[in-house]
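This briefing is meant to be read with the sequence and the coordinates side by side. Please keep both in view while going through the points below.

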Amino acid sequence: MREWLEERAQSAVWNLDVGDPAVTVRNPNGSGVTTTVEITDTENPDAGAAMVNGGVCSSLPSGEISSFYVLTDEPPAIGFWYR
C-alpha cells in the first residue's frame with residue numbers, strides 16, 4: 001500500500017473533487033465523454049469560468065460529470081485537485 005501511495009503522489013494525474021460545493025463543473029458538449037470542461041468558482045462567479053482540458057472518467061445521463069482528471073505537473077488553480 002505504501003508503494004502504491006508513493007507512486008500515486010508522484011503521478012502526473014490530478015483528479016478534481018467534483019463534489020466540492022465551491023466549484024461547478026459543466027460539460028459544454030452535453031452528456032458523454034469530452035476532453036474539455038468548464039469549471040466555475042461558485043464563491044467567486046465574477047472571476048469567470050476556466051476551460052480545462054482533461055479526461056472525463058464518468059458522467060451521468062444528465063451530462064453531469066462525476067469524475068474528471070488532468071495530466072499535468074501542476075493542477076489548475078480553480079477547484080480542489082488531488083492525486
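Predicted model: local features only at pLDDT ≥ 70, side-chain atom pairs only at ≥ 80, totals over all residues.

Residues are numbered from 1 along each chain as its sequence is written, while side-chain values use heavy atoms, with hydrogens and water left out. The secondary structure amounts to one helix and seven strands, where helices (H or I, at least four residues) and strands (E, at least two) are DSSP runs numbered from the N terminus. Along the sequence these elements follow the pattern α-β-β-β-β-β-β-β.

**Overall composition**

- Of the 83 residues in the chain, 28% count as buried, a class defined as under 20% relative accessible area, with exposed meaning over 50% and partly exposed lying in between (1.4 Å probe, protein chains only).
- The accessible surface of the chain is about 5,400 Å², and 50% of it belongs to carbon and sulfur atoms; such areas come from the Shrake-Rupley method with a 1.4 Å probe, and for residues only the protein chains shown count as cover.
- Among contacts in the chain with a separation of 6 or more, 45% are between residues 24 or more positions apart, a contact being heavy atoms within 4.5 Å.

- The antiparallel strands β3 and β4 are joined by five bridges, and V37 has V52 in β4 as its bridge partner.

**Pairings of β1**

- Strand β1 pairs with β6 in the antiparallel sense over three bridges, and N15 stands opposite Y69 in β6.
- Strand β1 is also joined to β7 by two bridges, again with the strands running antiparallel, and N15 has Y82 in β7 as its bridge partner.

**The largest nonpolar core**

- The largest nonpolar core has 13 residues, of which V37, I39, V52, F68 and W81 touch the most other members; a core of this kind is a set of buried Ala, Val, Leu, Ile, Met, Phe, Trp, Tyr and Cys residues joined through side-chain atoms within 4.5 Å.
- Two or more residues of this core come from each of β1 (13-16), β2 (23-26), β3 (36-41) and β6 (65-71), and the largest share, three residues, is given by β6.
- When residues up to four places away in sequence are not counted, W81 touches W14, N15, L16, I39, V52, F68, Y69, V70, P75 and P76.

**Helix and loop positions**

- L5 lies in helix α1, and L5 counts as partly exposed because its relative accessible area is 45%; the C-alpha atoms of L5 and R83, which are 78 residues apart along the chain, are separated by 9.4 Å.
- S11 is located in the loop between α1 (2-9) and β1, and its relative accessibility is 21%, so S11 counts as partly exposed; its C-alpha atom is separated by 8.6 Å from that of L71, 60 residues apart along the chain.
- D73 belongs to the loop between β6 and β7 (81-82), and D73 is classed as exposed because its relative accessible area is 62%.
- Leaving aside neighbours within four places in sequence, D73 is in contact with W14 and R83, and the C-alpha atoms of D73 and W14, 59 residues apart along the chain, are separated by 8.6 Å.

Notes: Pairing = 2+ DSSP bridges.
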